[in-house]
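User: I'd like to go through this structure with you and check what the labels really rest on. Can we start with a pair of helices?

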2 protein chains.
Amino acid sequence: MNARTDAGTRIEKTLEAAIARAGGEGAPPQLAAAMRYAVFPGGARIRPRLALGVAGACGNDQPGLAAAAAAAIELLHCASLVHDDLPCFDNAATRRGKISVHCAFGESLAVLAGDGLIVMAFEILARAGVEAPHRLAPLVTTIAASTGMPNGIVAGQAWESEPEIDLSQYHRAKTGALFSAATRAGALAAGGDPDAWRPLGEFLGEAYQVADDLHDIASDAADIGKPTGQDAAHGRASAAALLGVDGAIDRLDALVADAIASIPPCAGAAELKAVIRVAAERFVPKSLARVAA
Amino acid sequence: MNARTDAGTRIEKTLEAAIARAGGEGAPPQLAAAMRYAVFPGGARIRPRLALGVAGACGNDQPGLAAAAAAAIELLHCASLVHDDLPCFDNAATRRGKISVHCAFGESLAVLAGDGLIVMAFEILARAGVEAPHRLAPLVTTIAASTGMPNGIVAGQAWESEPEIDLSQYHRAKTGALFSAATRAGALAAGGDPDAWRPLGEFLGEAYQVADDLHDIASDAADIGKPTGQDAAHGRASAAALLGVDGAIDRLDALVADAIASIPPCAGAAELKAVIRVAAERFVPKSLARVAA
């Protein structure tokens, strides 16, 4: 088993343990099912892989805490997808190639599933933090700040409700925040310096945003498992609209190169660069890869 | 300033600091306003007062952490009110004597305000926990378990979506969980034994539930600032329906007496009993107090 498979296994096991505990004695069965449905099967798990990759590069001396941090970030990402798909936001019928949570379980359980996943993220962090109490406060603070107000993914989603949108705030909060949290949390969980790993998360967050814009205009729904053309339909600004498809692809390549160049000198740098190259390949929609080939 | 006024001031100041930070640089203005609206002006702040009362009874050697724990519990309570009022749940137009959050700000911002308040609760705990790192993990675990799945207030709300409701699980999770968290978190923040304070929270949670059922049938909406008759309208089980009004009042009195009797021997017991008696008086609807007089 190589390091990449191993990371994927650790992420799924940590998520599975959390979801199993949530469905334990006394649980309302439908909400337990809705939360499981929201988390499995997952997408590319890009953010938790990034967190584990950075933890590994920093020595990973507390693997349980690093796995919890990675899983917490994925749970918060899943929660945001469930809530963003609700009728009052994108009203999306599909997600990750299957029916969205509110269409499968109803709106009430979708709201509660998102709430339950947010709480679960902090609970698994705290349970793992018993082993390394001095790392817990900065970890929770970093992850919470990247999720809530004023600059986290909740704030990012809220910009869509404003009459005048601050575009750079919007993208930085909606997408960049959780990528930046992933690299910093990975470092914190392993006793590393979070600030040294901030640029990596920020470059990758911006790259992911450009890729997401490209997806939205260039792929068909079957490719990515959710409705496309949403930016135009909802009047949202998009890098592809500003730069054109070719310009956006160039920008994406440059951001991934910047991300790799930003990795601080460390023992695990080569392995981490490989993780990032694989993740970046997943960013580009199949239909664009076909055009480029 | 007596201890009770002082506790009230500390709670409001801690909440104000958290809400001010959420509205800081880069915040989407409408979500910042919706979160402030959901928290101020507050209700009776019964749960955070209880948490601070127990912290005081345990010596309160980390007042910043105790205040953060109390405020975190209130933020989670406020978040649950915002989400419970949504059209897909109670569809309530009023709350705490004013227009509910989704009616004032729209459904999207109400969903996000609840999300933001949940995240904020854990963020303020972590920020205060830097001063006492060994207390942070059990505090976050206790508060998260009382909020999420399988036994917290989110689970309690989810029982309303089940075809067959487990009544005792429903009440214990929906109301009891956060009262029990309040006493245990107050103890944990002050270095006390959380299990010794569990019965106090559980008795008061059950008392509050009985009082809430009485409110629902006996008061008019102007008395309590939210729609009444909701249990009957939504087909929910109620202590008043099972025991009759007189029986429910007797049950309430017995539970408050049990709560007071459960307080462990400690220096601050007399002050804490006074806090509980005042809180219990607020439980009973004015119209029933008039009938009883």
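Analyst: The axes of helix 3 (residues 46–57) and helix 14 (residues 269–283) of chain B come within 9 Å and cross at roughly 170 degrees. This is a predicted model, where local features need pLDDT of at least 70, side-chain atom pairs count only at pLDDT 80 or more, and totals for chains, interfaces and linings use all residues. Residues are numbered from 1 along each chain as its sequence is written, with chains lettered from A and ligands numbered from 1 in the order in which they are written.

User: Why is helix 3 of chain B called roughly antiparallel to helix 14 of chain B?

Analyst: Angles over 145 degrees count as roughly antiparallel. The crossing here is roughly 170 degrees, so helix 3 of chain B is roughly antiparallel to helix 14 of chain B.

User: What makes the contact between them?

Analyst: Helix 3 of chain B gives residues including Ile46(B), Leu50(B) and Val54(B), and helix 14 of chain B gives Leu272(B) and Val275(B), among others. Being in contact takes C-beta atoms, placed from the backbone, within 7 Å. By class, the contact has eight nonpolar, two polar and two charged residues.

User: And the chains: how many residues of chain B are in contact with chain A?

Analyst: 56 residues of chain B are in contact with 56 of chain A. Helix 6 of chain B supplies the largest share of chain B's side, 16 residues. That side has 31 nonpolar, 19 polar and six charged residues.

User: Which residues does Leu125(A) contact, leaving aside neighbours within four places in sequence?

Analyst: Among them are Ala69(A), Leu136(A) and Ile143(A).

Methods. Two residues are in contact if their C-beta atoms, placed from the backbone, lie within 7 Å. Helices (H or I, at least four residues) and strands (E, at least two) are DSSP runs, numbered from the N terminus. Ala, Val, Leu, Ile, Met, Phe, Trp, Tyr, Cys and Pro count as nonpolar, Asp, Glu, Lys and Arg as charged, and the others, Gly among them, as polar. Axes are lines fitted to C-alpha atoms, for helices over the stretch in contact, and angles run from 0 to 180 degrees between N-to-C directions. Angles under 35 degrees count as roughly parallel, over 145 as roughly antiparallel, 65 to 115 as roughly perpendicular and the rest as oblique.
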